[in-house]
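This report covers nonpolar packing and strand pairing in the model shown below.

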Amino acid sequence: MFKMCLRYKKELIIVTDDARLKVMMLPPQEEHDLSSTLPHLHMKAEVVLETTSNSSKPGFPVALGTGCEGKSISSLDVCHQVIVVVTDDGEVHCYTDQLELMWRTQVFTDHETSGSLNFKEIAVLVIPQSGLVLIGGMTAKEEQVQHNLKHDHQHNFSASFSVEEIAKQPPRRSRNTKKATEEKEHFSTYALNAKTGRTYWKHEPGDYEAKKMDREDILSAYHFKLALHSSQYHAGEIHWSQYTESLISSLPYRWQHPADTTLQTAHFVKRQPSTLATQGKELKTGPVVESKAIKPNAVVIKRQKAIEVLNMESGQPLCSYAVPMRTTSVGDLNGDNVIDHVTTYFASERIDQSGMINPCSGVAVSGSKSLFSRSICRTPSTFGSFFGSFSEEDLREENVLVSPLLVPSPPYKRGIFSHLSGEAFKRDSIRSLDSIFVISSGRLTSLGPFGELNWQVDTVTSWTNYNPPNDKSADAVLVPNIQAVSTAVGAQKDAVLVTGLRDFALVSLKDGSLMASHSIPCEPVSPVVQGDFTNDGLMDFIVCCKTSLIGFSLDSRPGYWWTVVWIACGLGAIGMAVLILRFIEEVIV
């Protein structure tokens, strides 16, 4: 297993299982141009992680992050970059870009065990504006880890549920949850000074815990209003609906792999009381978008099954949003200021009942109502619609489920039918999201915010014949995935990267055309890392396998076939014009 990230000057930072932090870089261009084999990375610097614990052996690295500890004003340097490594014994190591140790400290000290911790999720974020290093993670006992890894991929909900019933389903893991389990699954967060490592604030189990009330007080008539807040877990935490606009601005949310657990900063403000004037303004202009110049005041934690928001100055919880199912993505699809849930539904048998959704469908739910339910397995008809019909092709099982990908609708997507039907104007008037679905055959489907079909394409990224191993450790399980990427550095995301069992492909978000594809000599065990390690302005990709890292560079080439087509059409038009002129001359003569 490797933890890695890309940084400037074509460098790759890797931390290995034996607790070695390495800075790698490509050899000079002239060296690997003459070679017929793939070039190996050169070692620029290396250091062994030290330890402050009683054990002489360093901990196992579980997280790696880079960033700027503070911007430089007097020089031309953009930032002073730091490298942060977290090990499974709770130690945080901070190094300079030259691998000089700056500081080392201990976090996750609330656990009774003095040895290694089993991290289910962990993330690192370096904030240059405030000079903070944020560490967030969740630990569990060994038996809990094994239970979570044995995920049932047969069905993500019962085949007899309607779309409306799906929306009302509570989180599976919260139906029979005990207090001890909740404490073990608490996501702890630490804010450290980027220069010294001193703890600025922390949020551990028991911090900001709301005062518990006796059952007699809750059920009494005098305290009936307090009963409405009996489920409040943290003091000062309020319902997420008070931050609806700010929460939506931090979406979309998608979780497929522990690498998708992220920390980010945002500006959160409470919702203003609604009046007739403000309602009319929202109908005309839509929700107010926060300016990027506003200083962030909150930390948004996107983890499995939930979104948590903390105060950036104190770590106090502001609100949280529970995600009901693992393969559910969250966002505001149609710009109506309501949070929507998008998921997939598969079944091997069809239950013929009215109001039930068909198997192999992409489903979007807004509150308690359905936005759309559409097949993602069948090829669209000539008229571009499935007509709500059912086919035997829809009956299938998925051995590994992939969460839908929510991306902003491309503004330049146009067509004569969309203009005639009014869809183009309808899309331009809102801030919409497209939903991207992928199934194990490699078929990719893009649906618009109202369920309309954008495009559908078959790729080589299949994992139909994959049999998950019995020992589903994090390093042994195949990770098929879809990721929104930009083909050029600093540009908007214009493509989706699809990773399968032995191949991965790059597909255009605009029209679904295949931009690039390549085979993979191993099974990927984590999401593909992207960055420009060739320094050519185009995005490159690194596939992480169990024992190796493989880099792929993106090369831009002109469309020769389109050039041939245009030349042929031009020659054909010239030939037709010559024939017409000859015919006219003969008629006149």
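## Cores and a covered strand

The largest nonpolar core holds 20 residues, and Val-84, Val-86, Val-92, Phe-108, Val-133, Ile-135 and Leu-192 have the most contacts inside it. Such a core is a set of buried Ala, Val, Leu, Ile, Met, Phe, Trp, Tyr and Cys residues joined through side-chain atoms within 4.5 Å; buried means under 20% relative accessible area (1.4 Å probe, protein chains only). At least two residues of this core come from each of strands E5 (61-68), E6 (81-87), E7 (91-96), E9 (119-127), E10 (132-139) and E11 (188-193). E9 gives the most, with four residues. Strands are DSSP runs of at least two residues, numbered from the N terminus.

This is a predicted model: local features need pLDDT of at least 70, side-chain atom pairs count only at pLDDT 80 or more, and totals for chains, interfaces and linings use all residues. Residues are numbered from 1 along each chain as its sequence is written, and side-chain values use heavy atoms, with hydrogens and water left out.

Strand E18 (residues 340-345) is mostly covered, with six of its six residues buried. Asp-340, Val-342 and Thr-344 are buried on one side, and His-341, Thr-343 and Tyr-345 on the other.

Definitions and conventions:
Buried means under 20% relative accessible area, exposed over 50%, partly exposed in between (1.4 Å probe, protein chains only).
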